[in-house]
Amino acid sequence: LLTFCIFISAFSFAAASNASDFKDVFNYYNVLRGLEVIPKDFEYSNLDGYITKAEAVNAVVRLCSSGKSDLSQVGTYTFFKDVTESVKYADSINFAALQGIVNGDGTVFCPDNNITFREAITYFLRALGYAPYAQSNGGYPNGYARALSYAGLNKYVGLYTDDKIKKSEFIALMYDIAETYVIETEGFGAETAKYNKNQTVLEYFHDIYKISGRVNATFISALSGYSPVSDANKMQVGNDIYRIKKQEFSNYLGYYADVYCKKENGAVDEIVYIEKNDDTDELCIEADDIVSFDNLCYTYGEKKRSAKIADKHTLIINGKRQSVYSSEDFIPDNGNVILLGNGSKYDTVIINTYKNYFLQRMIVGGDDKLTLTVKESLRRFEIDLFSDTLLQVYKDGQKVDMAPFSYNIHGTEYETTGFTDIPEGSVASEFADE
């Protein structure tokens, strides 16, 4: 049997912190990956290992170019004797040489050598337009050390050495570079040069800008009153409404978040990534740990800790704001309770519950709708694969990715088609309270 588990899931969000100690690398990686500004084959693994010069240059080119750059413009020409066409990332290395990011003088590049802090930082600074400033302030390497300070990257000045850079450190560096300003030079020379710093790397190369605010409404619900969002592919942050790249972003309802938006000429800007920020006080209580709920106060855990709810609060159950409810509604039979706020009391209560269904039949129609028949009640659910419904499927106790796969019903082989890319921890709110 296919076990079909549908639930509103509680996400675990890593809070961003100071990158200077290279902590929270997983969070930095997720941001870069979510923004699609890190190479697809740059995997989150071997964090204590070193990376090669070729890998680093490929990452520099991905982050510090528009994404529309035609790497084939370098053709078969190579700037280095040891970077032949068969060398991995040869096109990125030659493109970087063409752009002046690495020095292509016809000698060797040593693509398989481990890259140092000094080399990595220099490549990024050149890609951001700081080479003229560095040359006017002493050249390589001292001028680039001064350029670090001018770029607002003071914490890397002491790291501008020939020590090899670990992969975790390189990810943290990329994260900081993404928010660093690109400069454009007007005039040359130490006395006459003028430098403009108007846009960050994300803005300049990718048309992505960052805002901070509270997610106040989604298509399904809002923190207060009726939702002003009339489209399942949009949500409200602060007072503004944006399109959303992924439906899972709706799970941030009630959170104070850092939101990355893509500029869209003549259209509503699109949220391409979102993460909880430090303005959110968050407490997650598992349903089994709740001892009691009295006078808007949870008592939970073996030590019977307490969590007070503000008199003026919002209750959201399985993604839907409740307008009429009682104290009993604050204690779910399963799942968990997430409390959100930014003060001494919590003003938002999010309750996530789930149910398991054992399916007898699953059919995908030509209209890309998935029909599910529940064995116990013979009840049928119809799911539009291109709607805002997101699922998790388990087969034989193991999670199955929502991607094309085949299955057998009474000896007949079926193969699903038309599945969209559905990530882990997804939501099917319309079934969650069945």
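Residues are numbered from 1 along each chain as its sequence is written, and side-chain values use heavy atoms, with hydrogens and water left out. Because the model is predicted, local features need pLDDT of at least 70 and side-chain atom pairs count only at pLDDT 80 or more, whereas totals for chains, interfaces and linings use all residues.

Helix H1 spans residues 25-34, helices being DSSP runs of H or I with at least four residues and strands runs of E with at least two, numbered from the N terminus. Seven of the ten residues of H1 are buried, that is, under 20% relative accessible area with a 1.4 Å probe and protein chains only; among them are Tyr28, Tyr29 and Leu32. The cover over these buried residues includes helix H7 (167-178), strand S7 (256-262) and strand S8 (270-276), contact meaning heavy atoms within 4.5 Å. Just after H1, Glu36 takes a positive phi of about 60 degrees.

Helix H2 (residues 53-63) packs against helix H4 (residues 117-127) at an angle of about 25 degrees, with their axes 10 Å apart. The contact involves Lys53, Val57, Val60 and Leu63 of H2, together with Glu119, Tyr123, Phe124 and Ala127 of H4.

Thr314 lies in strand S12 (residues 305-317) and is buried, with a relative accessible area of 9%. A polar atom of the Thr314 side chain lies 2.6 Å from the backbone oxygen of Leu223, and the residues that Thr314 touches, not counting those up to four places away in sequence, include Ala222, Arg321 and Asp347.

Definitions and conventions:
Buried < 20%, exposed > 50% of the residue type's maximum accessible area, 1.4 Å probe, protein only. Polar contact = N/O pair within 3.5 Å; in protein donor to acceptor, adjacent residues only side chain to side chain. Axes fitted to C-alpha atoms, helices over the stretch in contact; angles between N-to-C directions.
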